[in-house]
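Take a look at the model below. We will walk through its rings, its metal site and a patch on its surface.

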Amino acid sequence: MATAERDYYELLGIDRSATEAEIKRAFRKLARELHPDVSEAHDAHERFREVAQAYEVLSNAETRELYDRYGHAGLRRGGFTPTDFDLGSLSDIFSAFFGDDLFGATTRQRRARGADVGTVVEIELAEAFAGVKKTISVEVAVTCATCAGDGAAPGTGRVTCSGCGGAGRLQQVSRSIFGEFVRTQACPRCGGAGTVVERPCEACDGAGRIVDERAFPVEIPAGIHDGQQIRIRGEGHAGRGGPPGDVFAEVRVRPDPRFVRDGDDIVTAVDLTIAQAALGARVAVPTLDGDAELELPAGTQPGEVRVLRGRGMPSLQGRGRGNQRVHVNVLVPRRLTAEQRRLLEEFEHLAGEDTYRPDEGFFDRLRSAFS
Ligand SMILES: [Zn+2]
Ligand SMILES: [Zn+2]
């Protein structure tokens with residue numbers, strides 16, 4: 001042995017006169033701290049083994065006496081070799097050794113909440129704008145009405161499971177520090193219940209649940225965004241002794257060719273001819289709640305953006321609306337008649353530097369500050 005062997009009593013933090021119960025308590029406490037399942041320490045595995053070995057020796061009257069008299073050397077001479085045991089999981093060790101469950105859960109069937117169900121609901125942008133009520137349908141496992149969920153044919157009961165003799169769990173024995181290491185698992189035949197149905201319900205084949213198509217209305221709030229989920233509580237799969245799961249409906253908002261959505265803002269474009277842009281124009285702009293009239297002054301430039309305040313999507317938080325941003329596009333003639341060409345050439349001839357000079361007058365600056 002290259003490494004110094006530590007005193008077993010010291011390892012367990014007990015004194016030499018410790019009773020059996022004290023030894024057990026000390027090990028139990030240390031195992032909770034040191035088991036690699038719960039300890040983050042890099043040497044947790046090693047330390048757990050040391051403590052387990054100390055416990056193995058001190059919990060047995062024979063080996064404890066040998067150790068008390070002759071120490072580590074005495075144990076070796078007495079032919080004792082520590083068990084190279086399978087650590088197992090901490091809860092395995094606790095249920096095997098102390099007969100309890102570390103985490104408070106029982107190996108009997110747990111009351112399980114039903115699973116959640118996901119679905120998709122498609123709406124139009126206009127519906128996302130106004131809010132809408134949609135009916136969605138989902139296939140969910142529901143409690144069988146014929147047997148009320150217990151899986152037994154009506155009028156029949158449950159009988160003791162022959163797989164586990166009613167215990168609900170099966171024990172698997174393997175070598176461990178305790179001589180034998182007992183691993184407990186739920187009985188596969190009865191699922192841990194300890195009983196099975198005498199005759200299975202025909203409606204559900206004994207499962208206690210059947211798949212049913214359920215339709216229900218869902219309120220989609222104004223301002224909902226594409227990809228957001230709405231949770232409908234309690235409409236998911238039935239639980240096993242627990243509450244049903246939820247339905248998560250993902251809302252997909254179909255794109256609208258007239259509008260581009262940017263958060264709560266709506267972006268649109270307006271086309272002006274070169275004459276409208278130069279002379280000024282009053283144009284109708286489609287918005288989510290009808291057309292709006294937009295006054296564009298003479299000299300409006302392509303790429304300018306006008307903002308229609310409060311004409312965007314409603315905020316999902318229920319406060320106010322986004323804006324509508326209108327981008328100005330100026331159409332340049334692509335095909336000219338001889339006369340149109342002559343007029344444009346004449347215009348070009350008359351136009352000077354001043355014709356295109358940006359106007360930075362007081363009112364323009366004021367206007368741009370508010371636009
Ligand atoms: Zn049934
Ligand atoms: Zn069973």
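How many aromatic pairs does the count come to? Rings of Phe, Tyr and Trp (its six-membered ring) pair if their centres lie within 6.5 Å; planes under 30 degrees apart count as stacked, over 60 as edge-to-face and the rest as tilted. By this rule there are 4 aromatic pairs. Start with Phe 27 and Phe 48. Their ring centres are 6.3 Å apart and their planes stand at 45°, so this pair is tilted. Phe 27 lies in helix α2 (residues 20–34) and Phe 48 in helix α3 (residues 44–58), so the pair ties together parts 21 residues apart in sequence. Helices here are DSSP runs of H or I, at least four residues, numbered from the N terminus.

Both Phe 27 and Phe 48 are buried. Buried means under 20% relative accessible area, exposed over 50%, and partly exposed in between (1.4 Å probe, protein chains only). Phe 27 also pairs with Tyr 55, and this pair is stacked: 4.5 Å centre to centre, with 15° between the planes. Again the pair links distant parts of the chain, with Phe 27 in helix α2 and Tyr 55 in helix α3, 28 residues apart. Phe 27 has a relative accessible area of 0%. Tyr 55 counts as buried because its relative accessibility is 6%. Elsewhere, ring pairs link Tyr 8, Tyr 9 and Tyr 67 into a cluster.

This is a predicted model: local features need pLDDT of at least 70, side-chain atom pairs count only at pLDDT 80 or more, and totals for chains, interfaces and linings use all residues. Residues are numbered from 1 along each chain as its sequence is written, chains are lettered from A and ligands numbered from 1 in the order in which they are written, and side-chain values use heavy atoms, leaving out hydrogens and water.

Now the metal. Which residues coordinate the zinc ion (ligand 2)? The SG atoms of Cys 161, Cys 164, Cys 187 and Cys 190 do, at 2.3 Å. Donors are N, O and S atoms within 2.8 Å of the metal (3.2 Å for Na, K and Ca); water is not among the atoms, so sites may look incomplete. In sequence, the donor residues are spaced C-x2-C-x22-C-x2-C. Cys 187 is buried, at 2% relative accessible area. Cys 190 is buried too, at 10%.

Last, the surface. Phe 347 sits in helix α8 (residues 338–350). Phe 347 is partly exposed because its relative accessible area is 41%.

Methods:
Helix = DSSP H or I, 4+ residues; strand = E, 2+ residues; numbered from the N terminus.
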